[in-house]
Amino acid sequence: SSSSSSSSSPSHNSTQQRLPGAIIIGVRKGGTRALLEMLNLHPDVEVAKAEVHYFNVDEHYRRGLAWYRAQMPFTVPGQLTVEKTPGYFAAPQAPARVWDMNPAVRLLLIVRDPAERLVSDYTQVLHNRLTRNKPYQSLEELLIRHGHIDSGYKALQRSLYHQHLARWLEVFPREQIHVVDGDALIRNPFPELRKAERFLDLSPRISPNNFYYNTTKGFYCLLSAGHDKCLDESKGRPHAPLSAQAFKKLCRYFRKPNKLFFEMVGRSFSWC
Ligand code: A3P
């Protein structure tokens, strides 16, 4: 992590920007920022602070690997570079492009109850519209057409995890993708971080003492080298309202897709 790298760096000339050894590919609103910041607690990890959007945005991809590398943090040999761009998961071109960069790269996918994720996704778009003084439809208007769930709604499609994962599994072996339980990460970060360390072949350096529950925020915050850090207010904000009836419809809608996803990853989640 950034605090320890400067002090542990053996020499200046070995410090350079390197391509990532691991990428958090999604899902959008799954807890990608929390996972990245928490991995960054590890002394052998350095992260790209901003989302890079290299493999999903053609204009960036055309700039080539030199541009991509230039977005990465400075590291010493032995440190793992990690970037997160939630847009990769649903981008059709991303899997093959990531493979071309490094077929051995490790992929992290953090998932969350797809109905909750959808509401979180809508809430983010709504917030962005309102801050630019633009009106926006209610979630119910976007989600329900003639009494039925509108399967064309983009935020709904981003919650169809099995469809997107299927494209990654056409390119990468299952073992190369580690699935993080985003709901579990919210409830208690440490166990999910320990599993991620193991997947990334990192020594177990993140500890329960790196986390404390902040009652004001209602979420866990990070502690490292005496510094106290919560994610910003856009993470963990109140969700836009949705009627209980519509939410129930949504849960019913996701039943089949969820089952397909569970089969694909070989485990299940207690989603609605
Ligand atoms: P909500 O704002 O809907 O609660 P992402 O970083 O991928 O956009 O994900 C945002 C989500 O991360 C938040 O969604 C929140 O639930 C979740 N999250 C997980 N751990 C968190 C933490 N420690 N602090 C704040 N948000 C956290």
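**Figure 1. The span from residue 22 to residue 237 in the predicted model.** The end C-alpha atoms of residues 22–237 lie 28 Å apart, and this span is 37% helix and 20% strand; the model shown is a predicted one. An unreviewed UniProt entry places the feature "domain: Sulfotransferase" at these residues, 22–237. The chain as a whole comes to twelve helices and twelve strands, and its radius of gyration is 19 Å, close to the 19 Å that the globule rule gives for 272 residues, so the chain is as compact as a globular protein of that length. The C-alpha trace spans about 65 × 45 × 40 Å along its principal axes. Of the contacts in the chain with a separation of 6 or more, 77% are accounted for by residues 24 or more positions apart, and buried residues make up 34% of the 272 residues.

Figure 2. Lys29, at which an unreviewed UniProt entry places the feature "active site", lies in the loop between β2 and α2. Lys29 is buried, with 24 other C-beta atoms within 10 Å, and, when residues up to four places away in sequence are not counted, Lys29 touches Arg117, Ser120, Asp121 and Gln124. Val27 lies in the loop between β2 and α2 as well, and the peptide bond that leads from Gly26 to Val27 is cis, with omega near 5°; most peptide bonds, by contrast, are trans.

Figure 3. Not counting residues up to four places away in sequence, Ile110 touches Ile24, Val27, Gly30, Gly31, Thr32, Leu35, Val180, Gly182 and Leu185.

**Figure 4. Gly21 in the loop between β1 and β2.** Gly21 has its place in the loop between β1 (16–17) and β2, where it is partly exposed, with 17 other C-beta atoms within 10 Å. Leaving aside neighbours within four places in sequence, Gly21 is in contact with Leu80, Thr81, Val105 and Arg106. The C-alpha atoms of Gly21 and Glu46, which are 25 residues apart along the chain, are separated by 10 Å.

Figure 5. Most residues other than glycine have a negative phi. Asp201, although not a glycine, has a positive phi of about 60°; its place is in the loop between α11 and β10 (211–214), and with 11 C-beta neighbours inside 10 Å Asp201 counts as exposed. Ala225, also not a glycine, has a positive phi of about 50° and is found in the loop between β11 and β12 (227–229). Ala225 is exposed, with 9 other C-beta atoms within 10 Å.

Note on methods
Residues are numbered from 1 along each chain as its sequence is written. This is a predicted model: local features need pLDDT of at least 70, side-chain atom pairs count only at pLDDT 80 or more; totals for chains, interfaces and linings use all residues. Two residues are in contact if their C-beta atoms, placed from the backbone, lie within 7 Å. Helices (H or I, at least four residues) and strands (E, at least two) are DSSP runs, numbered from the N terminus. The radius of gyration is taken over C-alpha atoms; the globule rule is 2.2 Å times the number of residues to the power 0.38. A residue is buried if 20 or more other C-beta atoms lie within 10 Å of its own, exposed if 12 or fewer, and partly exposed in between; C-beta atoms are placed from the backbone. UniProt positions are given in the numbering used here, feature names are shortened, and annotations may be inferred rather than shown by experiment.
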